Amino acid sequence: MKIVVPVKRVVDANVKVGVKADKTGVDIANAKMSMNPFDEIAMEEAVRLKEAGVATEVIAVSAGVAQCQETLRTALALGADRAILIESNEDLQPLAVAKLLRSIVEKEEPQLVILGKQAIDDDNNQTGQMLAALAGLPQATFASKLSVADGKATVTREVDGGAQTLSLTLPAVVTTDLRLNEPRYVTLPNIMKAKKKPLEIVTPADLGVDVTPRLKTLKVAEPPQRSAGMKVPDVATLVEKLRLEAKVL
Ligand code: AMP
């Protein structure tokens with residue numbers, strides 16, 4: 001059983017980003033870039049399924065600039081068997097990525113595609129859902145537990161007020177939530193081994209996909225600055241201020 005894991009190169013979760021001076025986006029020039037954290041969880045889950053003898057091959061796929069090769073090498077060091085870079089300098093929006101992934105799914109015919117539930121740069125939370133629709137596959141989003149047996153995936157999802165368990169007929173698309181697992185660390189020997197694993201490079205044109213952006217970001221703004229707090233001497237003053245100044249009572 002093959003598993004495809006799409007991994008996105010995003011600004012590292014520990015980097016504090018700011019808005020560009022012209023307000024067209026977030027300034028990530030020279031920022032440290034890493035694998036999207038939800039994709040690390042997806043990769044970990046796929047590797048565990050391989051270690052458990054359920055999967056036979058794990059394929060990491062990334063769409064974006066040439067430097068996404070670094071992200072793919074990390075995926076290979078985490079345990080993927082091979083990698084595919086869909087190289088493009090275009091601003092790849094979720095619909096375009098979903099179309100690219102559909103074409104990979106048609107070619108590779110995996111039983112499972114495990115994506116992150118969202119990329120922490122644009123917070124779109126769209127690609128997995130769009131891929132499932134385009135490829136005509138069942139989907140379970142926000143997985144906090146996944147098991148695979150007898151041609152079916154059983155997925156537990158966290159929903160308001162509890163957990164929902166779904167059974168999906170494979171092939172299927174699953175997106176990961178934070179609680180699914182705790183990804184392993186990349187070790188030096190595995191980084192060395194990853195250098196020898198195959199990494200194929202294709203372009204959107206090779207896959208016959210038009211990736212022209214369809215959405216335009218009009219403006220990105222910093223959240224408003226919080227004004228300084230104040231100490232009040234007693235509850236009566238607090239209530240008075242809430243009523244007369246903040247006007248929330
Ligand atoms: P999004 O819909 O942009 O929030 O992304 C959800 C998931 O789709 C990510 O966690 C990745 O698994 C996958 N994904 C999004 N963009 C890319 C990309 N450029 N390359 C590979 N995977 C991607």
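In this account, a residue is called buried under 20% relative accessible area, exposed over 50%, and partly exposed in between, with a 1.4 Å probe and protein chains only. The model is predicted: local features need pLDDT of at least 70 and side-chain atom pairs count only at pLDDT 80 or more, while totals for chains, interfaces and linings use all residues. Residues are numbered from 1 along each chain as its sequence is written, and side-chain values use heavy atoms, with hydrogens and water left out.

The ligand site is considered first. Of the 17 residues around the ligand, Asp39, Ala63, Ala119, Asn125 and Thr127 come nearest. By class, this shell has seven nonpolar, eight polar and two charged residues; here Ala, Val, Leu, Ile, Met, Phe, Trp, Tyr, Cys and Pro count as nonpolar, Asp, Glu, Lys and Arg as charged, and the others, Gly among them, as polar.

A backbone N or O atom of Ala63 lies 2.8 Å from a nitrogen atom of the ligand. For Gly116, a backbone N or O atom is 3.0 Å from an oxygen atom of the ligand, and for Gln126 the corresponding distance to an oxygen atom of the ligand is 2.8 Å. The protein covers 97% of the 480 Å² of accessible area that the ligand has on its own, as computed by the Shrake-Rupley method with a 1.4 Å probe.

Helices (H or I, at least four residues) and strands (E, at least two) are DSSP runs, numbered from the N terminus. The elements that give two or more residues to the shell around the ligand are β6 (57-64) and β8 (112-116). The largest share, three residues, comes from β6.

Most residues other than glycine have a negative phi, and most peptide bonds are trans. A cis peptide bond, with omega about 0°, joins Leu170 and Pro171; Pro171 is placed in the loop between β11 (162-169) and β12 (172-176).

Positive phi values occur at Lys23, near 60°, and at Asp123, near 50°. Lys23 is found in the loop between β3 (18-19) and β4 (26-27), and is partly exposed, with a relative accessible area of 40%. Asp123 belongs to the loop between β8 and α4 (127-135); Asp123 is likewise partly exposed, at 47%.

Terms used: Near = heavy atom within 4 Å. Polar contact = N/O pair within 3.5 Å; in protein donor to acceptor, adjacent residues only side chain to side chain.
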